Amino acid sequence: MATTPALHDALLDFTSRENWDKFFALRGDGDSFEWYAEWPQIKAPLLSLLLGEEGTEILVPGCGSSSLSEQLYDLGFRRITNVDFSRIIVADMLRRHARVRPQMRWRVMDMTNMQFPDGSFDFILDKGGLDALMEPEVGTKLGMKYLDEAKRVLKSGGKFACFTLAESHVLDLLLSEFRFGWDMTIQAIASEPSSKSAFQTFMLVMVKGKMGVVHTIKSLVDQSAEYCNMQQANAVIHALQNENKIRESHNSGVDILFSLRDLQLGAIGDLKVIVPGRRRQLILGEQGSSLYCYKAVLMDAKNQNETFVYHCGVFIVPKARAQEWLFASEEGQWLVVESAKAARLIMVFLDSRHASADIDVVKKDLSPLVMDLEPEYPEETDPMPFMMASDGVKQRDILQEVLLMS
């Protein structure tokens, strides 16, 4: 028996392992549970992604008791790994399929912390898994952890297909988390004429590409089409239009002000690697994660053949000096990089927001933020220095040295 749950079942917290165990126990053995879209509706668009790839390694996270994996297996896709954090449902699915579908694998595993090596799978198939983690009351933390894991275990060139109701908080996360280095397509899943579902299902497909490359989203969602929920479809269309404007601005050559999360997602390439002459403006810190926000510039020294005193350093510019040519102009900033003798320099500008802040408080606040910006030097053990603008370019005042763990 297949069922379609309400968008938010008041009786079930979808992020709780204990609640899912109770849910599956109450339903009993041998009972299938489908998260909205049924197999007849998703078969064609899904098989179009897998055409001719019967030997592909497929991961189904948060598999539950869906019949999706068995449908694929019976069509010739044997290398399917299903994971779920409910021991009850994994045991039940093993009893159902171990004999008739012996090559299919089942694992008790939390999809936000998977025990698979990097690049283990060619294809990830999510049917409601992300939606279940994105309870509005919980926020985006679990969803972000899951997507980080999904991206990690997916091979380069691999595909991540996500069936979702595309609620605004879910869609916002997907669009931003797959902005850099991913080719994205979205389409609406056709509904049966007799369907009484109040919600429209969408399929988003993300292809893992080259880090830092930004593609506009290919949308097959049309305002002139008929959907079971036109208001929902129009909201998706509007969100895609706004996201594509953001992506087009990244490709326009404009000097974008990146967030730290953008950089972590690969907006400017691999942060662990020094790229001679690379310069990017960014915002460090955000509400809830740090005391202050800071405008900063990340700069990799143009001549990496020089002898550097530091592999990475932080240079703080006080508000009183922020408008000087030496710090406000790109040409002047490169002079500071040369003077600092650092392979990478993170120049941080203080402004009126930091007027009453003690410099030691600022350093403490900045320390965890700059850790993710440190390039990888396997043999480097020296701590990252904090420097501050003084009367001369040639003078460096070491305020504090912070040992970063790689």
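Which residue forms a salt bridge with Asp-74? The partner is Arg-101, with the closest N and O atoms 2.9 Å apart; a salt bridge here is a side-chain nitrogen of Lys or Arg within 4 Å of a carboxyl oxygen of Asp or Glu. Asp-74 sits in helix H3 (residues 68-74) and Arg-101 in the loop between H4 and E3, so the pair ties together parts that are 27 residues apart in sequence. Arg-101 has 12% relative accessibility and therefore counts as buried, where buried means under 20% relative accessible area, exposed over 50%, and partly exposed in between (1.4 Å probe, protein chains only).

A word on what you are looking at. This is a predicted model, in which local features need pLDDT of at least 70 and side-chain atom pairs count only at pLDDT 80 or more, while totals for chains, interfaces and linings use all residues. Residues are numbered from 1 along each chain as its sequence is written, and side-chain values use heavy atoms, with hydrogens and water left out.

Now for the overall picture. The protein has 12 helices and 15 strands; these are DSSP runs numbered from the N terminus, helices being H or I with at least four residues and strands E with at least two. Of the 406 residues, 50% are buried. Among contacts (heavy atoms within 4.5 Å) between residues at least 6 apart in sequence, 73% join residues at least 24 apart.

Let's turn to a sheet. Eight strands form an open sheet with mixed pairing, in the order E3-E2-E1-E4-E5-E7-E6-E8. At its edges are strand E3 (105-108) and strand E8 (218-219), each of which pairs on one side only; two strands pair if DSSP finds at least two bridges between them. Strand E1 (residues 58-61) and strand E4 (residues 121-127) run parallel and are joined by two bridges. Ile-58 has Phe-123 as its bridge partner in E4.

Helices lie across these strands. Helix H4 (residues 87-97) lies across strand E2 (80-84) and E3, at about 165 degrees to E3. Such angles run from 0 to 180 degrees between N-to-C directions, with axes as lines fitted to C-alpha atoms, for helices over the stretch in contact. Helix H6 (residues 141-153) lies across E1, E4, strand E5 (154-164), strand E6 (182-188) and strand E7 (202-208), running at about 140 degrees to E5.

Helix H6 also brings us back to charges. The count of salt bridges comes to 21. In one of them, Asp-148 meets Arg-261 at 3.2 Å, N to O. Asp-148 belongs to helix H6 and Arg-261 to helix H9 (residues 260-264), so this pair ties together parts that are 113 residues apart in sequence. Asp-148 is partly exposed at 34% relative accessibility, and Arg-261 is partly exposed at 21%. Glu-177 and Lys-151 form a salt bridge at 3.5 Å, N to O, linking helix H7 (residues 168-177) with helix H6 across 26 residues. Both Glu-177 and Lys-151 are buried. Through shared partners, salt bridges join Asp-148, Lys-151, Glu-177 and Arg-261 into one network.

Finally, consider Glu-374, in the loop between helix H12 (359-371) and strand E14 (384-388). Glu-374 is buried yet has no salt bridge, and the nearest side chain of opposite charge, Lys-272, is 5.7 Å away. Lys and Arg count as positive and Asp and Glu as negative, while His and the chain ends are not counted. The side chain of Glu-374 does make a polar contact with that of His-311, at 2.7 Å. A polar contact is a pair of N or O atoms within 3.5 Å; within protein, one must be able to donate a hydrogen and the other to accept it, and residues adjacent in sequence count only if both atoms are side-chain atoms.
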